[in-house]
Amino acid sequence: MKTRYLAAAAASFVVASAAGALAQDADAPWEQSPFHCEPGETYVMNVMVSGVEYWFPVYEMFKQAAHQFGCETDYTGTPEYDVNKQIATFEQALARQPAGILLHPMSPDPFVEPINRAIEQGTAIVTFAADSPNSKRVSYVTSDNFREGRVAAQQIAEAMGGKGQYAVLENPGQDNHDRRVAAFVEEMETNYPDMELVGRASTGQDPNKAYQAVLSLVQAHPDLGAVFMPEASSAMGAAQAAKEAGGTIRVMSVDVNASVLDMIKAGDMFGAINPNQGAQGYYGFLLLWLAKHPELIDPMNDHAEAGFNPMGIPMLDNGYSVVTQENADSFYWDKYLKKRGTRGIEG
C-alpha cells in the first residue's frame, strides 16, 4: 500500500505542478514554463548486459518523457555481466557531464562511490530495477521485488494444489534478484508447507548453465514439479531442459523476452511476472528531472537547512503483470514498436 501511495503521489505531484505552472498564464510560450530542458540538456540511462530486451521498453518511455520536456537522451551500458565493466561505462557517461543518469546498478556496493561522486559533480542519479541504497542516489523506481516473488510462488503453488517439489535458480549478489528469490521461498514456507524446496543453483543469467542445472535437478529429484528464477535469460535454458525431461515441470521467471513469450504461448513455460517496464522508464525520467531541478520543489521541511534534495522518494512502485498463455501477445517488443511507430533504442 505504501509503495502504491508513493507512486500515485509522485505522479500527481508532477502532473499538478506542471499544470499549475502552465495555468499561471495560459497564453505564455513554452519557454516560460519551468518544465522544460535547456538546449543540450541530456539525460542518460545506464545498464548492465545492454542487449537484454528488458531494458528496451524502459528506455522507450524514458526517451518519450524526456522528449516531452525537450530534453536529449542517451542509452549506455556494457554487453557483459560484469560490474567493473558497467562502472566503466557509467564513468564514461559521467565524463560528458549529463544532467542526470537513470542507473540500473548490477551490484549495490561497488556503485556507492561512483554515484556519490556523480552527485557531487552535479549529475542527478536515480536508480531503477536494482538499487544502491547506501549511496546518495535521490530516488529508486522499481516493481516491488518482494511482491513479485510472493505472487510467483502463489501462482505455482495454487497450480500444483499446494503440494509438491520445487527448485530455484538464482544470481546471488544482484539485489533485485535476491529479493525475488527470498520472497518466493518465504511465501512457500509460510503459506504452502507441503511445497518442498529440493534444490538451488546459481546460473549467472546464463541459459546454458540453467539448462544443465535443471537437468541435474531432475536427475536428483524425479518428482520435481516447478522451477522459479528471477530473470528471463535463465528461463530459456530451464524451459528447454524441462521440455526434454517430459514437460511436466512448471517453469516460471520474472521478466520476459521474445523467446520466453514464445515458450509461454507454446505451453513450454508456465508463465512469468513482468514489471511494467514502460512505466519504470517514464516515472524514472520524471524523478530524475525533478532531482536535477529541486529548486521547483519547496516542501514544508528542513531540506534547505539540512542540505538534502527535497525531491527524494525512497521507492516508487511501477507495478507488474502476470504473463500467461492467454495474454502473452501483449508483451512482444516488436509488436509494441510497430504499434507506436518508433525505432526503439536506435532512434
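Axes here are lines fitted to C-alpha atoms, for helices over the stretch in contact, and angles run from 0 to 180 degrees between N-to-C directions. Contact means heavy atoms within 4.5 Å. Helices (H or I, at least four residues) and strands (E, at least two) are DSSP runs, numbered from the N terminus.

This is a predicted model, with local features needing pLDDT of at least 70 and side-chain atom pairs counting only at pLDDT 80 or more, while totals for chains, interfaces and linings use all residues. Residues are numbered from 1 along each chain as its sequence is written, and side-chain values use heavy atoms, with hydrogens and water left out.

**The sheet and its helices**

Let's start with the sheet. Six strands form an open sheet in the order β2-β1-β3-β4-β5-β11, with parallel pairing; two strands pair if DSSP finds at least two bridges between them. At the edges sit β2 and β11 (316-317), each pairing on one side only. Between β1 and β3, which run parallel, there are four bridges, and N46 has L103 in β3 as its bridge partner.

| Helix | Strands touched | Angle |
|---|---|---|
| α2 (residues 55-68) | β1, β2, β3 and β4 | about 155° with β2 |

**A look at α3**

Helix α3 (residues 83-95) has 13 residues and spans 18 Å from first C-alpha to last, close to the 18 Å expected at 1.5 Å a residue (that is, 1.5 Å times one less than the number of residues). Its buried residues are V83, Q86, I87, T89, F90, A93 and L94, where buried means under 20% relative accessible area, exposed over 50% and partly exposed in between (1.4 Å probe, protein chains only). Viewed down the axis of α3, the buried residues fall within an arc of 160°, so they line one face of the helix; the arc is that of the directions from the helix axis to the C-beta atoms. On the other side of α3, you'll find N84, Q92 and A95 exposed. The cover over the buried residues of α3 includes β1 (42-48), β2 (72-78), β3 (100-103), α4 (112-121) and β4 (124-128).

As for the ends, a side-chain oxygen of D82 comes to within 2.9 Å of the backbone nitrogen of N84 at the start of α3. Just after the helix, Q97 has a positive phi of about 55°.

**Over in β5**

T142 belongs to strand β5 (residues 139-142). It counts as buried because its relative accessibility is 2%. Leaving aside residues up to four places away in sequence, T142 touches A129, Q280, M315, L316, D317 and N318.

Notes
Polar contact = N/O pair within 3.5 Å; in protein donor to acceptor, adjacent residues only side chain to side chain.
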